[in-house]
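Please examine the sequence and the model shown below. The paragraphs that follow lead from the overall fold to individual residues.

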Amino acid sequence: MTPNSLAFIALCNEYCASVEHARETGHDEFVDSMLRLLPRLYITASDLPSDITDPDAYIADALEEDYYESVRRSMEEVLGEDDAYLEVFEEDMKYSDTPIAASVAEGLADIFQVLYNFVDSVREAPDELASDAIAVVKEDFGSYWSKPLCNVLRALNNIKY
């Protein structure tokens with residue numbers, strides 16, 4: 001396992017813990033935490049190796065829907081009126097005359113779901129399986145979770161500054 005892969009796993013743990021404890025930190029501290037973590041996640045995920053040994057490798061769902069909702073609601077409460085932002089990169093925006101609202105908490109919870117499942121899958125996995133999980137999460141990053149990461153980063157930046 002590469003040093004970058006280990007750093008990514010540690011960052012995922014830190015992100016998950018920050019999201020899970022959002023209610024305990026308060027608005028400003030939570031926003032600051034996300035503004036520190038999200039760019040690091042983006043950079044580190046971009047640099048992950050994409051060598052996969054098992055083409056059928058996948059990351060199993062470990063996060064229960066009730067826990068996802070609990071975490072999402074906690075972040076929504078902490079962010080309050082700052083939770084909603086206008087989404088300009090939504091595919092449906094091309095066909096709409098009205099702005100499309102999005103939720104910072106939902107975007108962060110979607111990222112949380114990916115990273116929670118990833119951390120659960122590599123926690124006690126042998127190196128070969130962990131390496132495949134890293135390649136899968138990198139593929140998922142490119143096809144899915146990099147977009148909400150960038151969108152909520154922009155919204156959080158707007159909240160802060």
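Among contacts between residues at least 6 apart in sequence, 80% join residues at least 24 apart in this protein. The model under discussion is a predicted one.

The secondary structure consists of six helices and two strands, and along the sequence these elements follow the pattern α-α-α-α-β-β-α-α. The radius of gyration is 16 Å, close to the 15 Å given by the globule rule for 161 residues, so the protein is as compact as a globular protein of that length. Taken along the principal axes, the C-alpha atoms fill a box of roughly 45 × 40 × 30 Å.

Of the 161 residues, 40% count as buried. The protein exposes about 9,000 Å², of which carbon and sulfur atoms supply 48%. As for charge, the protein has 11 positive and 34 negative charges, and their mean positions lie 6 Å apart.

E64 is placed in the loop between α3 (27-46) and α4 (65-79). From E64 to I134 the separation is 70 residues in sequence and 21 Å in space, C-alpha to C-alpha.

How many disulfides does the model contain? The count is zero. C16 is in no disulfide, since the nearest cysteine sulfur, that of C12, is 6.6 Å away, whereas a disulfide requires sulfur atoms within 2.5 Å. C16 is buried, with a relative accessible area of 6%. The sulfur of C150 is too far for a bond, because the closest cysteine sulfur, in C12, is 16 Å away. C150 is partly exposed, at a relative accessible area of 35%.

Key:
Residues numbered from 1 in each chain as written. Predicted model: local features only at pLDDT ≥ 70, side-chain atom pairs only at ≥ 80, totals over all residues. Heavy atoms only, no water. Buried < 20%, exposed > 50% of the residue type's maximum accessible area, 1.4 Å probe, protein only. Helix = DSSP H or I, 4+ residues; strand = E, 2+ residues; numbered from the N terminus. Rg over C-alpha atoms; globule rule 2.2 N^0.38 Å. Contact = heavy atoms within 4.5 Å. Areas by Shrake-Rupley, 256 points an atom, 1.4 Å probe, with all protein chains shown as cover. Lys, Arg positive; Asp, Glu negative; His and termini not counted. Charge placed at Lys NZ, Arg CZ, Asp CG, Glu CD.
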